[in-house]
Amino acid sequence: MRAVVYAPGAPANLDFGEVPEPDPGPDQVVVDVHAFALNFGEIHWIEHARKPGEVPGWDAAGVVARAAADGSGPPVGTRVVTFDAAGGWARQRVAATGNLAVLPESVDFAAAAALPVAGVTALQAIRELGPVVGRRVLITGASGGVGRFAVQLAARAGAHVVAAVGSPARGAGLRELGADEVVVGLDDVTEPLFGVLDNVGGPLLAQAFSLLGDGGSLLSIGMASGQPTTIDFEAERRRYTRKQLAPFNVRFPLDADMRYLVQLLADGGLDPQIGLRDSWDNVTAAAEALLNRKVAGKAVLDVR
């Protein structure tokens, strides 16, 4: 079976190879993949997560080719979007029935493939902040996949959304998605924040934490900067504000959240923000564009 594999030393550390067909467990379906999404984290940190010859890929959408043996999932022929820890960048992938959602005919496979990691991360993170109606929420790395979903979902939840980006060009389109403010860096952010969703890490995380108001919280979602973070907690104590900082991880299963996002797509209430769509034959170029910050939003590749 043709698949994209981790190939150290190749461009973007990716190449095509022949791998065995997937062998599902009793609660897993086999899916003929029609489209899959690339995520910055799975490419940037690939050497830490994969062995040579392994098939990466968290997000994929397609059609069920083999139903789950335990009867827990949809039947053969059902259009689905799926998540699994690996294996999505291939002609077929397996996915647990607790981490998939059925797709209506009106939802394109590519649009659906953009949802699982980025969309669910944004959704769960906003919920974790608590009630955001009328409150200032900062989203760093707002031009990326998670960021663009977070801007839309936070605005939908009633937040005053401050979208932080690395350059004016990266901020294009964010106001149309619901951002009330679009800033380059954080130097112009002066009013206290209720919550922060940080996708960048490094010094920007420390600066964002300093901007939290009393009772505020920051969730560290990603580390796109690749830089460590140093926080002066003595200085924070002198601000006399109660605030929290926590790492964020997605909670499983994902099926309920994926169904919600799929319904939003179907109803026109969510834009998948696909900044690059191409054939999977060009996976190397797509991965390099994502790593070099040349993609605004999601990169999605068609397999068929």
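A: First, exposure: buried means under 20% relative accessible area, exposed over 50%, and partly exposed in between (1.4 Å probe, protein chains only). Threonine 78 has 15% relative accessibility, so it counts as buried. The model is predicted: local features need pLDDT of at least 70, side-chain atom pairs count only at pLDDT 80 or more, and totals for chains, interfaces and linings use all residues. Residues are numbered from 1 along each chain as its sequence is written, and side-chain values use heavy atoms, without hydrogens or water.

Now the rings. Rings of Phe, Tyr and Trp (its six-membered ring) pair if their centres lie within 6.5 Å; planes under 30 degrees apart are stacked, over 60 edge-to-face, the rest tilted. The model has five aromatic pairs by this rule. Phenylalanine 36 belongs to strand β3 (residues 28-38). Tryptophan 280 is in the loop between β14 (274-279) and α10 (283-291). The pair therefore ties together parts that are 244 residues apart in sequence. Helices (H or I, at least four residues) and strands (E, at least two) are DSSP runs, numbered from the N terminus. Phenylalanine 36 is buried, at 0% relative accessibility. Tryptophan 280 is buried too, with a relative accessible area of 2%.

A second pair joins phenylalanine 83 and phenylalanine 252. Their ring centres are 5.5 Å apart and their planes stand at 35°, so this pair is tilted. Phenylalanine 83 lies in strand β5 (residues 79-83). Phenylalanine 252 is in the loop between β13 (243-247) and α9 (255-267). This pair ties together parts that are 169 residues apart in sequence. Phenylalanine 83 is buried, with a relative accessible area of 10%. Phenylalanine 252 also takes part in a cis peptide bond, with proline 253, where omega is about 0°. Proline 253 lies in that loop between β13 and α9 as well.

Back to tryptophan 280. Phe16, Phe36, Trp89 and Trp280 form one aromatic cluster.

Asparagine 13 lies in the loop between β1 (2-6) and β2 (14-18). Its phi is near 60°, a positive value in a residue other than glycine. At 25% relative accessibility, asparagine 13 is partly exposed.

Threonine 78 lies in the loop between β4 (59-66) and β5. Leaving out residues up to four places away in sequence, threonine 78 touches Gly62, Val63, Val64 and Val102 (contact: heavy atoms within 4.5 Å).

Glutamate 128 lies in helix α4. Glutamate 128 is partly exposed, at 33% relative accessibility. With residues up to four places away in sequence left out, it touches Leu219, Phe248 and Arg251. From glutamate 128 to tyrosine 240 is 112 residues in sequence and 23 Å in space, C-alpha to C-alpha. Tyrosine 240 lies in the loop between α8 (233-237) and β13. Tyrosine 240 is exposed, with a relative accessible area of 74%. Tyrosine 240 has a positive phi of about 55°, although it is not a glycine.
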